[in-house]
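Subject: Structure for you to look at

Hello,

Here is the structure I said I would pass on. Please open it alongside this email, and my notes follow below.

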Amino acid sequence: MRIALGLACEAGALEEVPVGAIVVIDGEIAGRGFNQPILSRDPTAHAEIMALRDAARRLGNYRLPDSTLYVTLEPCVMCSGAIMHARVSRIVYGASDPKTGAAGSVIDLYREERLNHHATIEGGVLADECGALLSSFFAGKRSKTQIA
């Protein structure tokens with residue numbers, strides 16, 4: 001999770017929402033990503049998607065069974081769909097997302113029995129640090145808006 005936090009800081013330094021993610025398989029990092037929808041002009045360029053794309057390219061397979069995705073913020077519906085299609089086995093996230101979280105905060109897609117893939121979920125890992133990074137980022141955005 002600390003590596004994902006470092007990637008989140010990279011996103012924040014680029015004025016992107018500071019979220020970072022890594023895909024780990026057999027104890028090795030297979031993919032890395034951070035939020036970059038603004039820079040890439042791509043609404044799907046969330047940290048999780050970028051990490052999944054990186055891992056899939058490196059491994060030569062869009063399926064990532066037996067992998068763990070570490071992400072600093074609870075995945076949204078879009079990212080959860082991609083995670084399921086990639087067959088990620090486990091998700092570890094930092095801060096909960098009470099506005100768009102799809103792993104229990106708003107909806108829990110991972111417990112939806114009608115869906116064909118279910119990952120195990122562990123939330124709250126380094127939650128205070130992950131949440132503080134996001135809070136600081138948005139506080140800075142609000143203060144810049146008030147000055148302008």
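What covers the buried residues of helix 4 includes helix 3 (47-59), strand 3 (67-73) and strand 4 (90-95). Before going further, note that this is a predicted model: local features need pLDDT of at least 70, side-chain atom pairs count only at pLDDT 80 or more, and totals for chains, interfaces and linings use all residues. Residues are numbered from 1 along each chain as its sequence is written, and side-chain values use heavy atoms, with hydrogens and water left out.

Some terms come first. Helices (H or I, at least four residues) and strands (E, at least two) are DSSP runs, numbered from the N terminus. "Buried" means under 20% relative accessible area, "exposed" over 50%, and "partly exposed" in between (1.4 Å probe, protein chains only). "Contact" means heavy atoms within 4.5 Å.

Helix 4

Helix 4 spans residues 77-85, and its buried residues are C79, S80, I83 and M84. Looking down the axis of helix 4, these buried residues fall within an arc of 140° (taken from the directions from the helix axis to the C-beta atoms), so they line one face of the helix. After helix 4 comes R87, which has a positive phi near 65°.

Five strands make an open sheet in the order 2-1-3-4-5, with mixed pairing; two strands pair if DSSP finds at least two bridges between them. Strand 2 (28-34) and strand 5 (120-122) are at the edges with a single partner strand each, so one side of each has no neighbour in the sheet. From one strand to the next, the twist averages 15°; axes are lines fitted to C-alpha atoms, for helices over the stretch in contact, and angles run from 0 to 180 degrees between N-to-C directions.

Strand 1 (residues 20-25) pairs with strand 3 in the antiparallel sense over five bridges. Here I25 is opposite S67, and I22 is opposite Y70. Strand 1 also pairs with strand 2 in the antiparallel sense, over six bridges, and there I25 is opposite E28. Strands 1 and 2 form a hairpin with two residues between them, and D26 in the turn has a positive phi of about 55°.

Helix 3

D54 is found in helix 3. D54 is buried, with a relative accessible area of 13%. Apart from neighbours within four places in sequence, D54 is in contact with A30, G31 and R32.

The whole chain

The chain has five helices and five strands, and along the sequence the pattern is α-β-β-α-α-β-α-β-β-α. Of the 148 residues in the chain, 44% are buried. Among contacts in the chain with a separation of 6 or more, 56% are between residues 24 or more positions apart. The C-alpha atoms fill a box of roughly 50 × 30 × 25 Å, taken along the principal axes.

Regards
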